[in-house]
Amino acid sequence: MATELFPQIDIDHDKCATPFACKKCLQVCPTAVLSVHATKMVRMQENDKNEAGTYKLSVTFRDKCSGCNLCMDVCPVDALNVYLPELAS
Amino acid sequence: MCRMCDTLSSDKDTVWYKDPRQYSNRLYKLREPGKRAQEVQASAGFQGRLQQAIDAKSQGDTGTHDTIISEMNKRALMHPGCQVLPLEEMMAIADMGTPMGAMKCICRETTRGCEECSLSEYTCMGLGTGMYKWERWPERYKGGVEFLSPNEAKEWMEHWDRKGMVHMVMQEGGDFLGGICNCDYPDCMPIRNRIDNGLTAGLVKGEFVCFIDFEKCNGCGDCLGRCNFNALKYETTTEKANIDQFACFGCGLCETACPRDAIFYRERSKLPGLANVW
């Protein structure tokens, strides 16, 4: 079965609820594939990084993912899954 | 001259970021009565488009990838962007840019989860009177803002130059120069988008390119590791450093690291082979 060129990283956002407080995967990734963004930007209000859902982890540059799995290994809540997807025919 | 100078300089002999007009934004932005500032949306458009391009490439559809990237570049060309510049040019901005507020870098916050919260950590700087309103958006300016005098700003710039950060100046479409930043690959989005993803329009190369004076270079290697653009290497054959001027962005980090003054700048626009390489 043919596969895609770049690995896919699935994130379970229920498990990964406070990524900006944790940030372990962000700091361990050699090629900085992942990123974290505030889900809201409100006037006169600062987001609480410990509140679930105020920040969201996403995969920005899967073209630079080598599939080393360091992020998967370091994730304390087992929210990441790295794999090479099969090519949809 | 680069496209930034073409559209932003008031005369053709002044580089755009040294044009005083870039620092003369209005003191007050008057809004229609009863109208509030627009709430800032977490922007997904740009990143979403890039995701589509990367996914297409992953699925072997390079045609779609190239089409999206070229569309993104075409759109970026209609707006100003970022430009790389060496320390000396940054220092010139410190003399014109008041008010200058040092703050956290939003790229490093998103890529690494950095929470820069004091002057020794801040790597970014907002310019212009708009910075006085920073407290209205505590999430955008997380970690606070510290306003600096020109001399303090220069010290801060030198600090990050020693640390090996690339300097760049940003014009994000307002009527003035919005900020300056010190960042590095792979955490800096403009550098990253340009080098890895072919988004060449968002980050313009610097006005200068670096050359090595081979008479003075003794191959000590102090400059190695400073280049973020894969332009500088140690050449075993000559036992000296060498720079690929076509890859060089003119950040000058190699120049400031050289203990023998063996690296010098030349103006990009005066070199026939590079005058159109931005």
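Mentor: A place to begin is P186(B), which sits in the loop between β6 and α7 of chain B, in a model that is predicted.

Trainee: What makes the peptide bond from Y185(B) to P186(B) cis?

Mentor: The torsion omega of that bond is near 5°, and on this value the bond from Y185(B) to P186(B) is cis. There is also a cis bond from T98(B) to P99(B), with omega near 0°, and P99(B) is found in the loop between α4 and β2 of chain B.

Trainee: How do you know what confidence the predictor places in chain B, and in the complex?

Mentor: For chain B the average pLDDT is 91, and 93% of the residues score at least 70, while for the complex the predictor gives an ipTM of 0.94 and a pTM of 0.92. Where pLDDT is low, predicted coordinates should not be read in detail.

Trainee: Why is K23(A) called buried?

Mentor: The cut-off for a buried residue is 20 or more other C-beta atoms within 10 Å, and K23(A) has 20 of them within that distance, so K23(A) is buried. The residue lies in the loop between α1 (19-22) and α2 of chain A, and K23(A) has a positive phi of about 50° although it is not a glycine.

Trainee: And what makes A32(A) count as buried?

Mentor: A32(A) has 22 C-beta neighbours inside 10 Å, and therefore counts as buried against the cut-off of 20 or more. A32(A), found in the loop between α2 and β2 of chain A, has a positive phi of about 50° as well, although it is not a glycine.

Trainee: How do you know whether R136(B) is buried or exposed?

Mentor: A residue is exposed if 12 or fewer other C-beta atoms lie within 10 Å, and R136(B) has 12, so R136(B) is exposed. R136(B) is found in the loop between β3 (124-127) and β4 (146-148) of chain B, and, leaving aside residues up to four places away in sequence, R136(B) touches R43(A) and M44(A).

Trainee: What makes up the side of chain A that touches chain B?

Mentor: In the contact between the chains, 27 residues of chain A meet 23 residues of chain B. On the side of chain A, α2 (24-28) and β2 (34-38) each give two or more residues, and the largest share, four residues, comes from β2(A). By class, that side of chain A divides into 12 nonpolar, eight polar and seven charged residues.

Trainee: How do you know how α3(B) compares with its expected span?

Mentor: Helix α3 of chain B, residues 62-76, has 15 residues and reaches 21 Å from its first C-alpha to its last, which is close to the 21 Å expected at 1.5 Å a residue.

Trainee: Why are the buried residues of α3(B) placed on the same side of the helix?

Mentor: The buried residues of α3(B) are H65(B), I69(B) and M72(B), and they are placed on the same side of α3(B) because they cover an arc of only 60° around the axis. As background, an α-helix has 3.6 residues a turn, so residues three or four places apart point the same way. The buried residues of α3(B) pack against α2 (45-58) and α7 of chain B, whereas G63(B), E71(B) and K74(B), on the other side of α3(B), are exposed.

Trainee: What makes the buried residues of α4(B) line one face of the helix?

Mentor: In helix α4 of chain B, residues 87-94, the buried residues are L87(B), E89(B), M90(B), I93(B) and A94(B). Seen down the axis of α4(B), they fall within an arc of 160°, so they line one face of the helix. The elements of chain B against which they pack are β2 (100-103), α6 (150-163), β5, β6 (179-183) and α8 (253-257).

Conventions:
Residues are numbered from 1 along each chain as its sequence is written. Chains are lettered from A and ligands numbered from 1 in the order in which they are written. This is a predicted model: local features need pLDDT of at least 70, side-chain atom pairs count only at pLDDT 80 or more; totals for chains, interfaces and linings use all residues. pLDDT is the predictor's confidence in each residue, from 0 to 100. Two residues are in contact if their C-beta atoms, placed from the backbone, lie within 7 Å. Ala, Val, Leu, Ile, Met, Phe, Trp, Tyr, Cys and Pro count as nonpolar, Asp, Glu, Lys and Arg as charged, and the others, Gly among them, as polar. The expected span of a helix is 1.5 Å times one less than its number of residues. The arc is that of the directions from the helix axis to the C-beta atoms.
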